[in-house]
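Welcome! Have a look at the structure, then try each task before reading on.

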Amino acid sequence: MSDTRAETAFIRTEMLAPELPPVTERGIIKWLRENLFAGWLNSALTIVSLLVVFLLLKSALPWWLNGVWNATSLGECRTIAGPEGGACWAVIKARWHQYIFGFYPQDAYWRPILAFALMFVALAPVLYYGLRNGAKLIGTVAVLTVLSLALLDHDVTHVVLIAVLMAVLFAVSWIAPKRLVYVTLLYPFVAFWLLWGGSVWKPVATLLGFGVMVLVYRLIQPRLGVIMGTAIGFLAACFYWLFVQGIITGALGSLPPGLAGVNSDQFGGFLLAFVIGVTAITCSLPIGILLALGRRSDMVLIKTLSVGFIEFIRGVPLITMLFTASLLLQYFLPPQTNFDLILRVVILVTLFAAAYIAEVIRGGLAALPRGQYEAADALGLDYWQAQRLIIMPQALKISIPGIVSTFIGLFKDTTLVSFVGLLDPLRGVTQIVRADINWKGIYWEPYIFVGVIFFLICFGMSRYSMYLEQKLKTDHR
Amino acid sequence: MGRKQGNMTMAMASEAPKDGFRLSMLIYDTRFRSFTIQVIVLLLVLLGIGWLVDNTIANLAAKDKDINFGFLWNRAGYDIEQQLIPYTNDSTHGRAAIIGLLNTLVVAFWGCIFATVIGVFVGVLRLSKNWLVGRLMTVYVEAFRNVPLLLWIIVVFVVTSETAPQPKDFKVTAEMVQTGAEPAAQKILFNTIAITNRGWNIPGPLFERPLPTVHLGSVPLNLTFLAIIAAVVGSFVANRRVLRHARLVQEDTGIRPVTWWKSLLILIAPIVILLVALGFHLDIPAFPADENGVSKGFNFQGGILVQHSFSALLIALSLYTGAFIAEAVRAGVMAISRGQTEAAYALGLRPGRTMNLIILPQALRVIIPPLISQYLNLTKNTSLGIAVSYLDLRGTLGGITLNQTGRELECMLLMMLTYLIISLIISSLMNAFNSAVKLKER
């Protein structure tokens, strides 16, 4: 044995260090070969794309970089930018407050800002999984709010009071996050009061109606059951709103505390888009769920009504609905009723979105296996219990992408309200800006500004829906 | 609480036959509850409708109006720039509404075609392995999906109409002929299309030896177009017959006869021969010029003038809807499991044939339902033409006619009904197509 060993000239006893792959198969060259130049078609596509990118940058980049921020008119912009031309961002600097707030009184800007900040606080218990994340978000919003108020508002007491309020809310969200639900429930009334102003007793009196409803329900439910309790409570609240509330507001309406009233025609810009968008989004989801359930109901009448409503709304453009709001409602309502244009538009946009949401949720309901319904029946759950505990949590989870894209569509569609005379940021405000003699002939800059803001909001919403989908994923595939 | 009630219901269900009918059973007995609810809802709906009708009658009486569609036969008195059938301001409001409807349909038709082409192209490119192309297409899709359509319509309109040169900038003056200088503006796309601040001058079809127009009663029939349509349809039918024959031969003998040159000949030859016989050529817009090449007149002659409102609406709608269709196409192709591709490769199919025979037919079934809703959205979105004063159905019937006659109820009713009917027709057509290509299950 040892002989053979001695005869062999050389035996390697340790492993060789592995060779590097060939230069074309490693590092950046490999990546380039695989992703950009795999085959002649791929290479051609890459070159064409590079050309497109180059041409786009060549035409837009100098214009972009050469932007002018300080000028009082388009002519001045052009003089400063010189012969090579440049963007005139000065128009945004001069008119940004109209794009954000419309003709809202300048000394009251703190009200919409506070309402916007409170919106995040109100949303925190609904949207954010992980309560600490919600608290962090509220903290960030609080800091940003106080900063922007310090820049915009010259009244120090406002800033200090709001800073204290935001600090309290942040503390609540950190210590007892579940308590924030009360903020969510109160938010619609607070926001309404902040935005439109007037006496504080008006929203309080309206809120009292819900108190009446709960009280009556508590009294009746032990004797007559849930259905009768809800029905009678609702009727009592309606009675209160129709007949009693007017007396209360009449008596207390002139008493302090109150905020200076703001008319609806002073709303504009992204403030208007948010008022319409957020209200319609919030209200359209429950209505959409009811419509979807109605469409799948066994009751012929309910089903027919739901189908008719959904298909009618989905068959006509939103613009015709908006024109209905501005032209036709005066025929359908009792003579001499005259209610706010923003409210009319919000109602019709809500109904419009609800029909689309209903179809999305119907898809989610249809995707649930039949066994889920049967299992709920087997557990002895009644219809609403089954819906609340078994069906809806799953169906809504499936429908999240569709629901959110409907919301995005709704938010984009708020721009259409300019056709009924409201000041949306895209067309309404830009028309005013372009009609100004100083800015006549400007077109790229205002549209880019508005477009970028819309993009950020809508893109953010779609990313959030993807995050939520991931978060709620419970199957183990 | 929930369990108690559940037990109660069950107990009721078994005991009910013994007891007589009690009023509370209308609510608590599941057999009667749906009946009760429906009666209540019916009453509420009837009450609501009655309330609305009552209000409407009261309001109409207060304004001294009635519901009357007679205004449709009155003189309209306004001009419409883009008309597919003859119209003057002496025509009736009804005819103006039809012009508007045709304008809506023509934008929707071309928009659907362009959006589908863009969408399929982008959707497939977005799936490409090429990193750069994929990113570029993602940027396009996200940019258009997340920004309101209205913005794109207005931007395209404002930019094309405000930056385009005037027609006189295209003129060649005597000075230019002498010095050899070029005019300030040039036509694009091989010197055929001129974009001016008045619109797009595009080439139009022209026939030297057209067939006569026959009047069938009061309806004019253009025989030239009928002949072209007949030739196209005929060659498609003939091509289908050839392909069916080829399939039969293949099933019989196992050998597929070569058909591609027959198909090509059948599809192309008849239409080419017909067009040559009719003396077809493109009428390219140009300034009339004298023998030295000096332009005369004030505007382009020949070709078709497309309004900026139409072109802006069409471009914006196609790009916007194209982004959505691209997403539908991508989702459809990605929904087909990887195993299908692998199985096709295992059978020895080449990548191209795998796509054509295995992936696309399956992906199509997933793509069609969202495609239907995108076509519907595009059709409804044509009503945004209001932003660029495009006189579609909403612009004529729901716009000028409504304002002139003050008949809001009638105009809005007619307009909504028309949109509803268009939507229903499109969705039923596409649903029929969908069920034709759907996977036939048990």
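## Exercise 1: a residue in a helix

E469(A) lies in helix α18 (residues 444-472) of chain A; helices here are DSSP runs of H or I with at least four residues, strands are runs of E with at least two, and both are numbered from the N terminus. Before you start: this is a predicted model, in which local features need pLDDT of at least 70 and side-chain atom pairs count only at pLDDT 80 or more, while totals for chains, interfaces and linings use all residues. Residues are numbered from 1 along each chain as its sequence is written, chains are lettered from A and ligands numbered from 1 in the order in which they are written, and side-chain values use heavy atoms, leaving out hydrogens and water.

Task: Find how accessible E469(A) is, and how far its C-alpha atom lies from that of K397(A).

Solution. 
- Step 1. The relative accessibility of E469(A) is 35%, so E469(A) counts as partly exposed (buried is under 20% relative accessible area, exposed is over 50%, partly exposed is in between, with a 1.4 Å probe and protein chains only).
- Step 2. K397(A) is 72 residues away from E469(A) along the chain, yet their C-alpha atoms are separated by 7.4 Å.

## Exercise 2: a helix pair between chains

Task: Describe how helix α3 (residues 39-65) of chain A packs against helix α5 (residues 131-145) of chain B.

Solution. 
- Step 1. The angle between the two helices is about 45 degrees, and their axes are 8 Å apart (axes are lines fitted to C-alpha atoms, for helices over the stretch in contact, and angles run from 0 to 180 degrees between N-to-C directions).
- Step 2. This angle makes α3(A) oblique to α5(B) (under 35 degrees counts as roughly parallel, over 145 as roughly antiparallel, 65 to 115 as roughly perpendicular and the rest as oblique).
- Step 3. From α3(A), the contact draws on L45(A), T46(A), S49(A), L50(A) and V53(A), and from α5(B) on L132(B), V133(B) and L136(B) (contact means heavy atoms within 4.5 Å).
- Step 4. Sorted by type, the residues of this contact are six nonpolar, two polar and no charged (Ala, Val, Leu, Ile, Met, Phe, Trp, Tyr, Cys and Pro count as nonpolar, Asp, Glu, Lys and Arg as charged, and the others, Gly among them, as polar).

## Exercise 3: two partners of one helix

Task: Work out how helix α13 (residues 393-405) of chain B packs against α14 (residues 408-437) and against α4(B).

Solution. 
- Step 1. With α14(B), the angle is about 170 degrees and the axes are 9 Å apart. That makes α13(B) roughly antiparallel to α14(B).
- Step 2. The residues of that contact include L393(B) and L397(B) of α13(B) and M412(B) and Y419(B) of α14(B). They divide into eight nonpolar, four polar and two charged.
- Step 3. With α4(B), the angle is about 155 degrees and the axes are 6 Å apart. α4(B) is therefore roughly antiparallel to α13(B).
- Step 4. Here H93(B) and G100(B) are among the α4(B) residues, and L393(B) and L397(B) among those of α13(B). This contact holds five nonpolar, seven polar and no charged residues.
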